Amino acid sequence: KLEDYFEPNTHDATASADYDTHDYEHSAMEVVLETLFDDVRWHLTEKTLRPLACAQPFILAATAGSLQYIREYGFQTFAPLIDETYDTITDPVARLQAIVQEMRRIADLPHNQKMKLFEDLHTIALANQLHFFSDDFHQQVVSELQTNLAQARDQLLSI
């Protein structure tokens, strides 16, 4: 029985949406581990939306094409400051290797270059935060919701 090996989960179902602002105030960037990685579907959750809303630069470990999906919502990603070619790699193992390689490259930068990189990344992240809270993005999300609901209704009515 699994209960014999693991502590019971006593966390509230919304706990994954919680975060500590201290983490964002004391880190230069985030590696987002999205729900789907070795899949073909794009599926962005609060894990990706949180750094956008909090003006945090990030590397996205998600399905191939997810960064392009984010750009379609009007957000900027971090190329060429970060090598984002990992997002085009369909093989999940190779994609993860490319992500780790880019993380190592950044970690190995001399301190002054790393600080300049983080400063430049933060400028993009601030623009993303402004877009996240903009009327344009809000309307885009509302329109998408309305379209999806209408499509679902039409599918149900055709059964």
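Which elements do the buried residues of H5 pack against? They pack against H2, helix H4 (92–107) and H6, and the views below start from the whole fold and return to that packing. This is a predicted model, in which local features need pLDDT of at least 70, side-chain atom pairs count only at pLDDT 80 or more, and totals for chains, interfaces and linings use all residues. Residues are numbered from 1 along each chain as its sequence is written, and side-chain values use heavy atoms, with hydrogens and water left out.

**View 1. The whole protein.** The protein has six helices and two strands, and from the N terminus on they follow the order α-β-α-β-α-α-α-α. Helices (H or I, at least four residues) and strands (E, at least two) are DSSP runs, numbered from the N terminus. The C-alpha trace spans about 60 × 50 × 35 Å along its principal axes. Of the 159 residues, 32% count as buried; buried means under 20% relative accessible area, exposed over 50%, and partly exposed in between (1.4 Å probe, protein chains only). Among contacts with a separation of 6 or more, 63% come from residues 24 or more positions apart, where contact means heavy atoms within 4.5 Å.

View 2. Let's meet helix H5 (residues 111–132), whose 22 residues reach 31 Å from the first C-alpha to the last, close to the 32 Å expected at 1.5 Å a residue. That expected span is 1.5 Å times one less than the number of residues. Its buried residues are Lys114, Leu117, Phe118, Leu121, Ile124, Ala125, Asn128 and His131. Seen down the axis of H5, these buried residues fall within an arc of 130°, so they line one face of the helix; the arc is that of the directions from the helix axis to the C-beta atoms. On the other side of H5, you will find Asn112, Glu119, Thr123 and Leu130 exposed. Leu126 also belongs to helix H5 and counts as partly exposed, at 37% relative accessibility.

**View 3. The largest pocket.** This pocket has a volume of about 240 Å³. On a 1 Å grid over the protein atoms alone, a pocket is an open set of points where a 1.4 Å probe fits, with protein on both sides within 12 Å along at least five of seven lines, and lining residues have an atom within 4 Å of a point. Grid points are joined across faces, edges and corners, and the volume is the space filled by probe spheres set on the points. Helix H2 (46–53), helix H3 (66–72) and helix H6 (135–157) each supply at least two residues of the lining. Among the lining residues are Leu44, Tyr69, Phe132 and Glu144. By class, the lining has ten nonpolar, one polar and one charged residues: Ala, Val, Leu, Ile, Met, Phe, Trp, Tyr, Cys and Pro count as nonpolar, Asp, Glu, Lys and Arg as charged, and the others, Gly among them, as polar.

**View 4. Two backbone details in loops.** Most residues other than glycine have a negative phi, and most peptide bonds are trans. Ala55, in the loop between H2 and strand S2 (58–61), has a positive phi of about 60° although it is not a glycine. Ala55 is buried, with a relative accessible area of 4%. In the loop between H3 and H4 sits Pro80, joined to Ala79 by a cis peptide bond with omega of about 5°.
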